[in-house]
Structure formats: structure tokens, C-alpha cells
Protein chains: 2
Amino acid sequence: MALFLSLSLLSVPFAAEARIRHYKWEVKYEYKSQDCYKKLAITINGRTPGPTIEAQVNDTVVVELKNSLLTENVAIHWHGIRQKGTPWFDGTGGVTQCPIVPGDTFVYKFVVDRPGTYLYHAHYGLQREAGLNGMIRVSLPPGESEPYTYDHDRSILLTDWYHQSTYEQSTGLSSLPFVWVGEPQSLLIHGKGKFDCSTPGLKAGLCNATNPECSSPYVITVVPGKTYRLRIGSLTSLAALSFEIEGHNMTVVEADGHNVEPFVVKNLFIYSGETYSVLIKADQAPTRNYWAVSKIVSRESTTPNGLAIFNYYPNHPRRSPPTVPPVGPAWNDVASRLTQGEAMKARQGYILPPPQTSDRVIVMLNTQNEINGYRRWSVNNISYNLPDTPYLIAVKDRLNHVFDQTPPPDRYDSQNYDIFSKRNNTNATASSSIYKLQFNSTVDIILQNANTMIPNNSETHPWHLHGHDFWVIGYGQGKFDINSDPKKYNLVDPIMKNTVSVQPYGWTALRFVADNPGVWAFHCHIEAHFYLGMGVVFEEGVEMLGRYPTSITGCGDTKGYRRP
Amino acid sequence: MALFLSLSLLSVPFAAEARIRHYKWEVKYEYKSQDCYKKLAITINGRTPGPTIEAQVNDTVVVELKNSLLTENVAIHWHGIRQKGTPWFDGTGGVTQCPIVPGDTFVYKFVVDRPGTYLYHAHYGLQREAGLNGMIRVSLPPGESEPYTYDHDRSILLTDWYHQSTYEQSTGLSSLPFVWVGEPQSLLIHGKGKFDCSTPGLKAGLCNATNPECSSPYVITVVPGKTYRLRIGSLTSLAALSFEIEGHNMTVVEADGHNVEPFVVKNLFIYSGETYSVLIKADQAPTRNYWAVSKIVSRESTTPNGLAIFNYYPNHPRRSPPTVPPVGPAWNDVASRLTQGEAMKARQGYILPPPQTSDRVIVMLNTQNEINGYRRWSVNNISYNLPDTPYLIAVKDRLNHVFDQTPPPDRYDSQNYDIFSKRNNTNATASSSIYKLQFNSTVDIILQNANTMIPNNSETHPWHLHGHDFWVIGYGQGKFDINSDPKKYNLVDPIMKNTVSVQPYGWTALRFVADNPGVWAFHCHIEAHFYLGMGVVFEEGVEMLGRYPTSITGCGDTKGYRRP
């Protein structure tokens, strides 16, 4: 019965009256001092993070987005929303739409067809890390309930924060010699952090520790004895995080909109693009407050931990906990991170079993490379280049000249490639080619990690798939063996997600059904990695789509253009 | 004979073979240290100022412009080129085209139909001041010569330079409370300046006095005894300048592409958007170098003077002159500036007499105002607002909903307005309305200056007209009297220009013939003033135009759009 209920939510229009959730947003630059350092942030209606979108299953969300930036375009991706039937509103600049130019108002309109916790953020240039981000909460209709209970529902968004502008960062990334963006200056918890204004070398007048925007940390207030559902999303630019609340266990119950077979953690590892719901009972001594801490893992970072206050009512919300904040796990404790990944299973009674076989296996070697001396990231030695005309239009209207028609490879030379070494030949090829998937076929993706261009270094990459969820059917360390490893796949109760990480020198296997007509990006969610070419694009069933809205046109071949 | 020659150049296609001058430009951000302070500049093929366009009369200039900015659009205006028959290539974002989005390549193609010195620069947001600027030199065909002689021809572009980004500046200008951009940090002479790196409060690591980009000043090398034509253009963001070369007189011979009846100055006042040619004879003691100095006038500025070296060959070009640089005129010496303006007449034998009467007189009161508490600048109490769809397309295709159809006023309430006082009611109205001019009619514009919102303050505004030259027929101090002042107009030998200033508390009268089908901006050339609404738009004869290129579409109403 529970399974039936879940399936019905996924595929059948809900019988109760679906509503329109209408938002009017204005995007512009404003000076913000989120971590006490004053810099320009891209805001929505003056806020960063932007307003949380709250809707019920099968509601239609309408966001009327006015671009009030002076010279910059924008596009917003609704991260985790599959956009069934509305691939043109996925909000991915260069893939599903031309960007929204200053002065224009673009209307995103899509159905939120599943309950859960999702995200939204800019998907154009590096604008996401300029603060254009937020959360989406889709609730069950009245009378239906989650398979777990709680008293209150809260959300927090975790981010990292740079003091350099996105222009400064991207110019460095595109320079010879390459200038890496470096570690973020701060970690923000729902937009609040604290940078040390006594750091030497700052420009005078920009850092003010007493600014009310940052002088007190973010506060999560709880009533003793109550249980909280805390929805946690990460939209970091770079950082993989560990999040914990001092002295409190967390029971993981949701991941990327899917019910998880509950398991308990002391700290939650969360990668950029992921969401989790955890249950937390306020069951500790109620006479004090506790620290909530976000900490960078998988990199030996200089960034101080992000701190918030887990405030037991009626203690004063700004009262500092009497303890030193927990230090969190070691940054290089890969095993614990793998353990959490492997612990994540679909909840009993809510299992959507994957197809037991796949029609196609694409192995994707993730490497750091160079092209003409410029630093890049690549998949199977191809570093992606977005075309001027969005793929969705180019495919739909058969504008074959728009992008490279030679498909990218499904394999790398795994026999001869040593994933544990810095490769000898670092050159990659830039291409705009895409993977064409048979509609309704089942596709396996093996993300294969490798050494970077620095000896003895391999990084963690969170990969996000647009337009679909996938089953996470396997993780492993070292080189994936296409003969033996698939035998270990979990095809019984794998969790479904839209974002999953591949650990250093490891591999991750995922399976999805190409059942959503459109063109969909699949990419590393680290802002600089995507910028440097670490992504691919899938296309399926575009010929089944009706007419796309003209609002997505205006660039490349689509100036003064009507569809043929 | 000379008059005939001049007229023939202005109106008759030149018989010699006209050539195509083809330029391929890539626009992007690069780190530059032009005044020793490292910041992002918008460059053309890696340079700021960009390459000088060199052409002969009646050549066709083709600029293939690739926008390699990450998220920003761009548009380039060809300042002083009238664009007869090609109004869509005037390069004014929101007026004559949709901006060029990142990744797109836009082809500007226009005829340079008159000899002289012109400019080009970004005309979108505040991008001009980010370094996207340069010069255009149009020479006479071989065998023809200017009515003055010189041995060598040189060009320099004068600018001011801010360390804040255009985003930081514009965000301040659009904030409550208003944050003024302040005085520029440096004056650059052809892209080179020198900021004092020991200034307290700078961010560490950004200012380096030994950077080769700035460690030595710009050098103008001359051979003793020779005469130099020095073409001087100003594209300052804010500053009105005085330019002089220590110990050398300058004979003014050209202004904005027109021959000037020669007159001698010790220092040249030059406003943003103006060009001059001066003749300088290297007739001083040849054993040393001399200072060339640009200095801010009309504002009590804290910006240090810009310095270059006027190098007498064979002295070492970096050898400092043994003297203290000249201090230049007093910043508030309005009389000298007016004197220079009034001295500027058309050269005998090259006079193009203006029509002796006009069909319409538009008096434009220039005021500083507020709209809903936001600081603005206005003309006759209207602060312009660009529409989302460019005027040229909106007028041509009769998209009347695109902009306010009520024409702006031809007058202000001059009887009751005290131009010497801060006005009582500071509120202005924002509007996108335009002035429709009868084709081929003669129009007089009276620019009437007034007090700003600061008591006892009135500023200098350089006004630039797109698509036309105008005759400067009168200057005056105080309030223009429509009954008596026109009797003092110079209708005999007024100079023609495309940019002219109105001095504090003064007025300037200009006359032009509305003979160029198109839609044309007329605005204060101070970047922040134009941003804050100090401009108007003229339309004439658009119904006579053929089809515009689809390359100018893509924004507002012109997404997925074909002309009706």
C-alpha cells in the first residue's frame, strides 16, 4: 500500500486541487556583508539566499523573473525538479534557454510533481556562487503524511563564500598561467557567516565585525523535547561539507526528494547539489545552547568552520554555547564518507526498483587536463564547450551546424590508463558534442575518478543530473571493472538521487531511465569545475516535444528567428 | 575651391576605390595594472585602449565582434560616425540594438564618410569606463591634404580610471541612500597612469609600483624641429580635462572631425566625447624631455594629474624632465573654458553655413532630481528609462506599447524656475518617451544648466549627439532668453561638433538638421549621469529605412520574432 501510494505520487496527477504558486522576483546586485566583509551579491527581492519556494505536490510554480542586473544575463535552474513536459524551463543557460537579458522578464512555469526538498540557483556563468540560490519545499497534500513523524519543519542552506567577484574568479581560471580560485573565505549557514576582520591585508572599510548582517550567527531555535525535521541543502561553490549539531544525533530520512531507510549519523556529509532531511530530537540538557557546525572535508582547507546556534528555547538565541565547537571529522577521512554513501538505501515500502538490466553503459573518466596550455576538466578527454544556440532549440529544429555532431565516446582506454598517476599526455579536446539516448532506454553511468595534474591527488566531485533521478547502484575504490563490479550492484533497494559524489580514486555507478524528452546537463556541481568543462549533455525524445516558448530564444541562431 | 572640396567630401562618394577595413575583435575581461593597481578591465584583443581603427574616407569598416565576457552583454558605439543608412550599427544598447550576448559574434559594418578623428566605446551599462574604448582615424585619400601641414601624426586617448568595478559603482548609484562614485583614482594618458601604491587602506597585493604596465609613463617621442599633429580624444567617465605640454603651444586645427579656424592655446580643455587635433612644433630646447599633463577641471578633484613624457629624441624616453610638471589652470576657471568654446569657429574656406532659421526649438533644462528618493538626472524633469525593446525596432515596427508615446516637453517653466537655486520640489518623472523630429527639419537645442541638489553648485555636462553633427551657435551664462539670446547666435562660421559642453549656470545653443533616418541618443557623456537618466532620444525618418538586420534583435519583444 505504501509502495502504491508512493508510485501514485510519482506518476498520477494528484486528485486534490492543484494550485498555482506565483512568485515575482527581481534579480539585482546589492552590497551584502554576510560574513562581515562587504561585497556585491546577486539577490532575489533583496535577499540571499532567496525566498524559499513552498508548494504542494502537483502545484504549478510560476516564477516571473525580472532581470535588473545592469549588463549581465541570468538563468535559474530548478534543481531536482524534473520538468516533465517543460524541458525549456530547466533554466540551464546554453542548454535549455538563451539567457535572460537585463530588463527582460522571463516566466518559469513548471509542475512540482513529487514531495521533497529541492534547490534553485543561477545556472549561468559563476552566478550561483554570487548568492543567487535558494530552496524549494514540496509538501504532501493535507491528510497525507511522511513515513516519519516530527513536530516542526525547518530548512537551512549551506554555502561557501568568496570575497572575489565571479569575474575575478573566472578571469583567473581562464588565464595563462592558470589562477585557481583558492579556498573560500567563509562558510555560510543560511547566508550567515563570520570572517575575521582582523585578517591582515584587507582593503580598508570593507570588513566590519559589528555589522548587524553578521554580528550574530544564524539561529535554529528548538523547544526541548520536540523533534525537528531539518531540511539541509548544499549549494557550495567548491566545498564538500560535514554538518553536525553538537551533542545531537541526526536520523537521515530523505535524500534529494526520496525517502531513505533511516540511519543515524553524528555528522552528515553533504556535497554541493544535495539535499537531505534529518530528524533531530531536542533531547539534550535544555539549559544551554549548542553549536551547529559546517566544515570542509575532502580538501585540506584553510577556511574556518561555519557556525550557527542550535538554540534551546527559552535560552537567549544569541547566547554562546559554553563549549568549544566540535571539530568534525578529519578532512581526508574518505572511508566515513563512503560509508555514508553506502548506508543510503531506499526506505522499505517506498522502494522504486530499478530496471534489472541496462541498455547502455557509459563510463566517464573524470580528469584534469590542459587545452593549449589552459587548465581544463574533462570527461573521457572531452572538455565541454557550450554552443551559442541552446542545445534544446538546436536539436528540436535540427540546426546541426550549431554543435559538433560526432558523439562523445562511451568509454575511455581503461586498459592503458593508470587512474592513480598524473597522466603523461594531459591534452584534452574541447567539444560541444552530446550523448543521444534512446527514449525510454535504461542507461548506466560509471563515474570513474582519477589522479589530477598534481601527483598523489584526486578530488571529490558531486555530479548532478538534470531532468531525472537516478539509482545509485554502486560505489567502489580504484578502477571500475566492467566485468566484475556490476555483479555487486545493489538492484534491490538503491536510493534515488539527482546528485551523487565520486570519491578520490573511486567510482560511482548510477542507472536511470531516459524517459524525459529534452536536453539535459549532467555535470560536476563544483562551480569552477563545470566552468572548466567537467560536464556532458544528454538528449532524448526531443522529437516528441511540442513547440517551445519563444521566450527561450534570442541568442546565437535564434535572433529574429521563428522555428521552421 | 577649398570649400567645394570640403563639401564634396561631405556629401559625394569619393571616386577613388573605397576599401573594406576588416577587424576581428574579441572582448573579454583581463587583469590590468594600468595605474599599478591590478583590476579587471574589459579589453579588445587583450588591449585597453583597444586598437586604433585606421581608414580612409569612404572606406567601409567591418568589425566582427566576439563577446567573450562570461555573463555580460556588450554593444560598441562608433562615436562621431553618423551611420548614414546604417542606424542599426550605431551600437547603442536599448536604442539601436539588443546587446550582444556572451558567445555571440556581432558584425558592425559602416562607412566612414568624412576625414577626421573619432572614438569608439562601449555603450551599455557603465562598460565604457571598464576600459572598452579606442580611437578612429579617418584620413584623406592619397593626393589630398588637410589645410594645415605637419610632419607626423599621433593619437592619444585621455581617460580617468576607477578601482571599483562598474557593478560596484552602479549598485551605489542605484542605492538608497545614494552612493556617489567619487573622484577617479587616476588619470590615464593612452591607458597609462600611476596610482600611489603607498596609499593607506589598499587591499594587499594589488598595487605594485614596479609593474612594467605602469612603472614608466606614456611617451610621445618627437624629433626636434618637426611639427606634430596630435589627435587628442577624451573618453573620461567623469572628468573634464585640461591637457598641456610643458613649454609648448598648441594650435587647434580640428574638432570632432571638422576643420577649426586655427587658434593657439597653452592648454586644451577637452570634455568626455570630444576629439581635437592640435599642431605642436618641437621647438624647445632639445636637450631634455618635457611633461605632458592632464588635469581635472570643473570639479575640485582629489585625483592627481596624469603625466606623460614629451620626449625629444635622442633623449632617453624614460628620462624625467628636470622640471616640476605644470600645475595647469585653476579647476574653477570657467571663464577660460568658455573662452575656448567661443574661440572655436569653422575654418575659413571650410565653412558649412547653418540654416539661418530653425523649425523647432527645444529647451532642455538639465537638473539633478529624485524619483522615489533615488537620485537621478533629468531633462525638463523627465529622467529617461530605456525600454526592453530597442527604440529603432519599436518605431520601425510600430510596437507602440514598448515605450511611452506621450512626447517629452520642448520647454521647461523658465519663467518660474530659478536656475541658481536648489529647487524646492526635486521630484522628477521617469519616462521612455522620445522626441519625434520632422525629417529634414532644422532643430535648435538649448542646453540650460542649473543648480544641482547641492546649494551653490552647478556642474559641467558634455552632451553628445548620435547620428549627426550640430553647429554650436551660442554660449551664454545664466538663463537663456528665448527672445534676445538668439539674436547673438553665430550663424556665419559656427564650428560643427558632435559633443559640446554646457558650463555651470550657463547655456549652450546648437542647431542640427534632422536628415539621418534612425533613432539617436543625445545625452550627457558623463557615464554616471547618463546612467542616472540624463539623456533624450530623437527619432526621424525611420519609415524611410529598409529592413534592419536580424542581428540587432533578441531582447524584449524581439525574441523569436520576425518583423511584421
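Predicted model: local features only at pLDDT ≥ 70, side-chain atom pairs only at ≥ 80, totals over all residues.
## A strand pair in chain B

B:Thr367 has B:Ser378, a residue of strand E21(B), as its bridge partner. Strand E20 (residues 360-371) of chain B runs antiparallel to E21(B), with 6 bridges between the two. Together E20(B) and E21(B) make a hairpin with 2 residues between the strands. In that turn, B:Asn372 has a positive phi of about 50 degrees.

Strand E21 itself covers residues 374-379 of chain B, and 5 of its 6 residues are buried.

## Where chain B meets chain A

Now to the interface. Here 40 residues of chain B are in contact with 40 residues of chain A. The two chains bury about 3500 Å² between them, with 54% of that area on carbon and sulfur atoms. Of the area that chain B buries against chain A, 19% comes from B:Leu70, B:Thr71 and B:Lys559, more than from any other three residues.

## Polar links and the make-up of the interface

B:Lys559 turns up again in a salt bridge: its side chain meets that of A:Asp104 at 4.0 Å, N to O.

On the side of chain B that touches chain A, the elements giving two or more residues are strand E1 (20-32) and helix H2 (166-173) of chain B. H2(B) gives the most, with 5 residues. Sorted by class, this side of chain B has 15 nonpolar, 17 polar and 8 charged residues.

Technical notes
Residues numbered from 1 in each chain as written. Chains lettered and ligands numbered in written order. Heavy atoms only, no water. Contact = heavy atoms within 4.5 Å. Buried area = accessible area lost by both parts, 1.4 Å probe. Helix = DSSP H or I, 4+ residues; strand = E, 2+ residues; numbered from the N terminus. Nonpolar A, V, L, I, M, F, W, Y, C, P; charged D, E, K, R; others polar. Buried < 20%, exposed > 50% of the residue type's maximum accessible area, 1.4 Å probe, protein only. Pairing = 2+ DSSP bridges.
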